[in-house]
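Good morning, and thank you for coming.

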Amino acid sequence: MNPLRSLWQDFGQAVWLDYIERELVTGGGLRRLVEADGIRGVTSNPSIFHQAITTGEAYGGAIDALLAERPTLSTGELYEALVIEDIRGAADVLRAVYDESGGSDGFVSLEVSPRLAADTAGTVDEARRLWREVARPNLMIKVPATAAGLPAVEQLIADGVNVNVTLMFSLAHYEGVAAACLRGLERAAEPARVASVASFFVSRVDTSVDAQLEALGTVEALALRGKAAVANAGLAYRRFAEIFHGDAFAALRRRGARVQRPLWASTSTKNPSYPDVKYVEELVGSETVNTIPTATLDAYRDHGRPRVALAEGAATCTAELDRIRRLGIDLDAVTEQLQVEGVAAFARSFDQLMAALDRARAVRAGN
């Protein structure tokens with residue numbers, strides 16, 4: 001069997017594509033991935049849209065058509081018009097998955113502006129507006145797990161908006177997100193109609209921790225390279241099971257609420273000495289999502305070996321992280337810094353995209 005299909009059919013892990021661009025949606029590529037590989041969702045972020053819109057050949061004509069029809073469009077409005085069309089198209093392709101799963105899967109994620117990462121009210125307002133504009137039940141609004149983002153997550157879930165909470169790097173981040181989800185579901189009029197995922201970033205943790213281990217240079221330190229990220233994710237998965245299969249969720253489960261699945265993000269391998277499917281093979285677990293970029297998706301299809309991994313490794317997660325801490329590495333500081341850097345990176349990509357669209361408008365206006 002195709003290893004990608006096996007992840008869902010045999011192990012209960014949904015594979016979402018961590019990429020979107022217009023020709024993939026309109027040219028049938030996404031539909032083929034759904035049908036052949038069992039892809040069950042799509043994620044996007046400002047970096048992905050920056051790459052797609054500034055390099056994708058399909059967007060030049062779309063920009064021309066939009067500006068010809070509505071020449072007074074602001075750059076922000078132009079961006080949203082392009083992005084919303086892509087998101088709607090992908091949601092329509094995935095609607096069959098959404099319907100077949102009873103509303104548990106088949107989602108497409110759209111992120112609020114990263115400029116709002118410290119603005120709770122602004123995040124809620126933009127998320128509600130995008131939810132109305134896209135008008136697809138299988139949309140998920142992405143909100144960062146920042147201090148300002150968590151109250152927004154609670155409010156949006158209470159409103160009945162599907163939420164993908166992003167940029168989590170630590171167990172503390174995860175626990176804050178899960179608590180916000182529970183509070184939102186408790187306030188929701190129909191919790192059974194709301195879906196949410198908690199996006200836990202992986203490979204960047206190893207990149208940061210490995211650099212410190214290599215600086216130490218001892219035999220013990222070097223032996224721990226490539227261990228931190230999966231162990232960190234394993235602790236979050238264990239906490240997920242405790243929260244969503246324990247007393248904290250029992251009353252909500254009786255009301256039909258769905259668990260907030262952990263979603264493994266940043267799963268491409270950054271270190272070429274590691275296996276190219278490391279953050280897929282080592283993160284297989286039921287009731288999870290792995291959002292995978294195209295190159296890693298192709299690699300796993302070619303030589304992936306599906307097996308239960310998270311449950312097998314749960315006992316070693318704490319021990320490995322404790323060994324890293326004993327070497328003097330402050331994992332809390334690492335993960336907090338990674339969240340700050342993640343917000344900043346998305347903001348830069350968003351600003352670069354706005355600048356590129358500004359230039360496109362100027363060219364078409366003859367300036």
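I begin with the lining of the largest cavity, which by class has 7 nonpolar, no polar and 1 charged residues. Here Ala, Val, Leu, Ile, Met, Phe, Trp, Tyr, Cys and Pro count as nonpolar, Asp, Glu, Lys and Arg as charged, and the others, Gly among them, as polar.

Before going further, a word on the basis of all this: the model is predicted, local features need pLDDT of at least 70, side-chain atom pairs count only at pLDDT 80 or more, and totals for chains, interfaces and linings use all residues. Residues are numbered from 1 along each chain as its sequence is written, and side-chain values use heavy atoms, with hydrogens and water left out.

The residues lining that largest cavity are E111, V112, P114, A117, P144, L167, V343 and F346. Its volume is about 40 Å³. A cavity is a set of points, on a 1 Å grid over the protein atoms alone, where a 1.4 Å probe fits but cannot get out; a pocket is an open set with protein on both sides within 12 Å along at least five of seven lines; and lining residues have an atom within 4 Å of a point. Grid points are joined across faces, edges and corners, and a volume is the space filled by probe spheres set on the points.

How many cavities of 30 Å³ or more does a search of the whole structure find? The search finds 2. The second largest cavity holds about 30 Å³ of space, and C181, L185, V194, A195, S196, R258 and V259 line it. That lining divides into 5 nonpolar, 1 polar and 1 charged residues.

Next, the largest pocket, with about 340 Å³ of space. Its lining has 23 residues, and D18, N45, I48, R204 and S266 lie nearest the centre. By class, this lining has 7 nonpolar, 12 polar and 4 charged residues. At least two lining residues come from each of α4 (46-55), β5, β6 and β7 (261-265), and the largest share, 3 residues, comes from α4. These helices (H or I, at least four residues) and strands (E, at least two) are DSSP runs, numbered from the N terminus.

L167 is found in strand β5 and counts as buried, at 1% relative accessibility. Buried means under 20% relative accessible area, exposed over 50%, and partly exposed in between, with a 1.4 Å probe and protein chains only. The phi of L167 is near 60°, a positive value in a residue other than glycine. Most residues other than glycine have a negative phi. E287 also has a phi near 60°; E287 lies in the loop between α15 (278-281) and β8 (288-292) and is partly exposed, at 28% relative accessibility.

The largest nonpolar core has 126 residues, among which F49, L82, I87, Y174, V209, F244 and L357 touch the most other members. Helix α13 (residues 228-244) gives the largest share of this core, 11 residues. A nonpolar core is a set of buried Ala, Val, Leu, Ile, Met, Phe, Trp, Tyr and Cys residues joined through side-chain atoms within 4.5 Å. Leaving aside neighbours within four places in sequence, V209 is in contact (heavy atoms within 4.5 Å) with A228, I324, I329, L331 and V334.

Which residues of α10 are buried? They are H173, Y174, V177, A178, A180, C181, L182, G184 and L185. What covers them includes α9 (149-159), β5 (163-168), β6 (196-201), α13, α14 (247-254) and α18 (331-364).

Finally, two loop residues. T43 is found in the loop between β2 (41-42) and α4, and at 2% relative accessibility T43 is buried. Beyond its neighbours within four places in sequence, T43 has contacts that include W16, D18, I48, N164 and T291. N162, in the loop between α9 and β5, is also buried, with a relative accessible area of 2%. Leaving aside neighbours within four places in sequence, N162 has contacts including F107, W131, R193, V194 and A195. From N162 to N138, 24 residues apart in sequence, the C-alpha separation is 7.9 Å.
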